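This briefing covers strand pairing, helix packing and selected side-chain contacts. Please read it alongside the sequence and the model.

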Amino acid sequence: MEVERDQHTSLLAETIPIVDLSNLDEEQVSRAVVKASEEWGIFHVVNHGIPMELIGRLKDVGAQFFDLPETEKNAVAKQAGSKDFEGYTTNLKYVKGEVWTENLFHRIWPPSCINFSYWPKNPPQYREVIEEYTKETKKLSERVLGYLSEGLGLPREALIQGLGGDSTEYVMRINNYPPDPKPDLTLGVPEHTDIIGIAIIVTNEVSGLQIFKDDRWFDVHYIPTAITINIGDQILRLSNGKYKNVLHRAIVDKEKKRMSWPIFVDANPDVVIGPLPELITGDNPAKFKPITCKDFKYRRLLKLPVE
């Protein structure tokens, strides 16, 4: 893929919605989340309730892991030939069209789906930090999904139930993009929409996330105290197209290391992903065919038709 970069900043990059979750007017907060999800598919939340001290520790253990020697990182590597995504992977090549990144993936919730063999033992505080951050992230995700459910005219639990309820999976992905001597050749992550429900993202201070809107790519500016929420494909389908799945990519920097810590809120593999039945009327027919989550992902990843 040819990497195209905008050489100037647009006002759009400064007006990605910012939602203050400390606002005591819950209806106003709900409307702001719904509007941002309808129009952008991405927004920042501030005063989100997750302690900045905890986010700092999350960033520390992630950075410490990627600073380890390759042999130690390979102790939690993705198994050769595995069809699953969990484990450490790396792809740092000066090749046009390739990505420039190393990643750590593993499930963090529910307990029944956790495989601790993919959780680093070094740094030693890694597990404690991730488990604490998981609890906070679950609360935030359920709050956001509650607002989105209300925006559909449904009970607050509608979308989380649509993703599988207590069996909804939460996945940690830590992305490390080292300085790239040839940033014009490679991307951190190619353009895509997230195949999951929503993503809850923190980053370091090095910008790199870009979104596609109004036929152009725009930077998502870093806000130190904010968490970024991306709407994914599953919420697009469950909402019958009311909420937008944002097209985005990550670019890399020639001199600075960029890191991000997304949590993916993902439907249980056996859940049927399709418009919630309560939304379908004669005036609002279904825009998507029901399909199990695992089949949906299989077809998407192989670039097969879904509908």
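Two strands count as paired if DSSP finds at least two bridges between them. The model described here is predicted. By the pairing rule, 4 strands form an open sheet in the order S6-S11-S8-S9, with antiparallel pairing.

**The open sheet**

- Strand S6 (189–192) and strand S9 (216–219) stand at the edges, and each has a single partner strand, so one side of each has no neighbour in the sheet.
- Neighbouring strands of this sheet are turned against each other by 25 degrees on average, direction ignored.
- S6 is joined to strand S11 (residues 248–250) by 2 bridges, and the two run antiparallel.
- Within this pairing, Val-189 has Ala-250 in S11 as its bridge partner.
- As a general point, strands of a sheet pair through backbone hydrogen bonds, in either a parallel or an antiparallel way.

- Strand S10 covers residues 227–231 and is mostly covered, with 5 of its 5 residues buried.
- In a regular strand, side chains alternate between the two faces of the sheet.
- In S10, Ile-227, Ile-229 and Ile-231 point one way, while Thr-228 and Asn-230 point the other way.
- The residues of both sets are buried.
- Strand S2 (residues 42–46) runs antiparallel to S10 and is joined to it by 4 bridges.
- For Ala-199, the bridge partner in S10 is Asn-230.

**Helices H2 and H4**

- Two packed helices are described by the angle between their axes and the distance between the axes.
- The axes of helix H2 (residues 52–66) and helix H4 (residues 126–151) come within 10 Å and cross at roughly 135 degrees.
- This angle makes H2 oblique to H4.
- The crossing in which H2 passes H4 is left-handed.

**Aromatic pairs and charges over rings**

- How many aromatic pairs does a search of the whole structure find? The search finds 7.
- The ring centres of Phe-65 and Phe-66 are 5.1 Å apart and the ring planes stand at 75 degrees, so this pair is edge-to-face; the cut-off for that class is over 60 degrees.
- Phe-65, Phe-66 and Tyr-88 form one aromatic cluster.
- Are Phe-65 and Phe-66 buried or exposed? Phe-65 counts as buried because its relative accessibility is 1%, and Phe-66 counts as buried at 5%; the limit for buried is under 20%.
- The charged end of Arg-127 sits over the ring of Phe-116, at 3.8 Å from the ring centre.
- Lys-213 lies over the face of Trp-40, and its distance from the ring centre is 4.5 Å.

**Arg-300**

- Arg-300 is placed in helix H7 (residues 293–301).
- With a relative accessible area of 29%, Arg-300 is partly exposed, since that class lies between the limits of 20% and 50%.
- Arg-300 and Ala-32 are 268 residues apart along the chain, and their C-alpha atoms are separated by 30 Å.

Methods
Residues are numbered from 1 along each chain as its sequence is written. This is a predicted model: local features need pLDDT of at least 70, side-chain atom pairs count only at pLDDT 80 or more; totals for chains, interfaces and linings use all residues. Side-chain values use heavy atoms; hydrogens and water are left out. Rings of Phe, Tyr and Trp (its six-membered ring) pair if their centres lie within 6.5 Å; planes under 30 degrees apart count as stacked, over 60 as edge-to-face and the rest as tilted. Buried means under 20% relative accessible area, exposed over 50%, partly exposed in between (1.4 Å probe, protein chains only). A charge sits over a ring if NZ of Lys or CZ of Arg is within 6 Å of the ring centre and within 35 degrees of the ring normal. Axes are lines fitted to C-alpha atoms, for helices over the stretch in contact, and angles run from 0 to 180 degrees between N-to-C directions. Angles under 35 degrees count as roughly parallel, over 145 as roughly antiparallel, 65 to 115 as roughly perpendicular and the rest as oblique. A crossing is left-handed if the near helix is turned anticlockwise from the far one by less than a right angle, and right-handed if clockwise.
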